[in-house]
Amino acid sequence: MDYKKVGIYLILGVLFFLPVTFLLFLYPATHNYNPLDIVNEEVLELKAFRATTKEDTIQLRDHITVLGFFGTQPMDKLITASNLKELVYDKFKGFKKFQVVIVMPYGTENTVENLRKEISLYEDLRFLHFVFGQPKAITKLFGSLKHNISLDKNYATDNVFIVDKDLYQRGRIDDRTDNEIERDGVVYGLNFYNCLEVATIKNKMSEDLRILFTEYRQKRKGEFNSYTRRAGDIKSSDEKN
């Protein structure tokens with residue numbers, strides 16, 4: 001028996017089957033991942049708002065949207081806007097139907113252009129939209145989202161929200177760490193993302209958006225069969241983040 005040839009064939013066999021085995025282990029995980037939770041099903045559409053030009057029609061439905069509120073002093077949100085642009089927009093702008101929508105009060109149109117120039121550096125911002133409306137409409141839209149925070153006196157916040165194609169707000173019903181789960185700690189959710197907290201944006205929000213895009217990609221292929229949790233599924237999740 002030629003042991004040298006046997007050894008070569010054995011090595012080649014291992015090199016061939018090892019990646020295949022690895023992919024087989026990954027396959028169930030890919031198709032049975034946990035979708036991003038639905039935390040609220042009542043987000044209002046942008047009917048009370050207009051874009052920079054009358055020709056532009058910006059809407060939430062049929063889009064995966066990161067929704068923000070920059071208020072009457074948008075330049076005060078330069079760090080928030082920069083983090084959102086660099087850590088979220090730049091990463092996901094190539095995905096189909098992705099957009100960032102920032103809600104603004106009427107009268108801030110010129111200041112918004114200055115903010116846009118500050119964060120763009122002549123880059124493509126086609127999928128970053130500013131829409132304008134009355135303070136009452138801004139408050140009403142903000143009130144349709146699930147949260148336990150308030151807009152400041154300028155109708156602004158550093159927090160942003162994820163809204164899916166069906167006008168459902170997405171997030172995490174249970175955002176406990178593994179240690180908190182082991183200790184059977186109180187369930188708390190994640191309904192919004194603070195753009196001043198870089199770790200939250202880079203880790204949690206980026207991961208949540210990636211999961212949401214995976215869900216819609218699998219739906220297009222007819223492969224999506226996972227159960228999406230809603231806020232009512234865990235009673236103690238009523239303790240808002």
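**Entry 1: overall layout**

I began with the elements and found 6 helices and 7 strands in the protein. The model is a predicted one. Next I read the order of the elements. From the N terminus it goes α-β-β-α-β-α-β-α-β-β-α-β-α.

I then looked up burial. Of the 241 residues, 46% count as buried. I also checked how far apart in sequence the contacts reach. Among contacts with a separation of 6 or more, 78% join residues 24 or more positions apart.

**Entry 2: confidence**

I looked at pLDDT before going into detail. The mean for the protein is 84. A value of 70 or more is reached by 76% of the residues. I noted residues 22-32, where pLDDT is below 50. Beyond near neighbours in sequence, that stretch has 7 contacts in the model.

**Entry 3: H2 against H3**

For packed helices I look up two things: the angle between the axes and the distance between them. I took helix H2, residues 78-92, and helix H3, residues 109-120. Their axes come within 10 Å and cross at roughly 50 degrees. H2 and H3 are therefore oblique to each other. The crossing of H2 past H3 is right-handed.

I listed the residues that make the contact. H2 supplies Leu 78, Ala 81, Ser 82 and Lys 85. H3 supplies Leu 115, Glu 118, Ile 119 and Ser 120. Sorted by class, the H2 contact with H3 holds 4 nonpolar, 2 polar and 2 charged residues.

**Entry 4: H2 against H6**

I turned to helix H6, residues 198-221, which also packs with H2. Here the angle is about 25 degrees and the axes lie 11 Å apart. Angles under 35 degrees count as roughly parallel, so H2 is roughly parallel to H6. H2 passes H6 in a right-handed crossing.

From H2, the contact uses Asn 83, Leu 87, Val 88, Lys 91 and Phe 92. From H6, I noted Val 198, Ile 201, Lys 202, Met 205, Ser 206, Leu 209, Arg 210 and Phe 213. By class, the contact of H2 with H6 has 8 nonpolar, 2 polar and 3 charged residues.

**Entry 5: Val 88**

I picked out Val 88, which sits in helix H2. Is Val 88 buried or exposed? Its relative accessibility is 0%, so Val 88 counts as buried. I then looked up its contacts, leaving aside neighbours within four places in sequence. Among them are Val 66 and Phe 98. Val 88 and Ser 206 are 118 residues apart along the chain, with C-alpha atoms separated by 6.8 Å.

**Entry 6: Ser 144**

I wanted a loop position too. Where is Ser 144? Ser 144 is in the loop between helix H4 (135-143) and strand E5 (159-163). At 12% relative accessibility, Ser 144 counts as buried, because the cut-off for buried is under 20%.

Which residues does Ser 144 touch, not counting those up to four places away in sequence? I found Asn 40, Glu 42, Val 43 and Leu 44. Leu 44 is 100 residues from Ser 144 along the chain. The C-alpha atoms of Ser 144 and Leu 44 are separated by 6.2 Å.

Terms used. Residues numbered from 1 in each chain as written. Predicted model: local features only at pLDDT ≥ 70, side-chain atom pairs only at ≥ 80, totals over all residues. Heavy atoms only, no water. pLDDT = per-residue confidence, 0-100. Contact = heavy atoms within 4.5 Å. Axes fitted to C-alpha atoms, helices over the stretch in contact; angles between N-to-C directions. Helix = DSSP H or I, 4+ residues; strand = E, 2+ residues; numbered from the N terminus. Parallel < 35°, antiparallel > 145°, perpendicular 65-115°, else oblique. Left-handed = near helix turned anticlockwise from the far one by under 90°. Nonpolar A, V, L, I, M, F, W, Y, C, P; charged D, E, K, R; others polar. Buried < 20%, exposed > 50% of the residue type's maximum accessible area, 1.4 Å probe, protein only.
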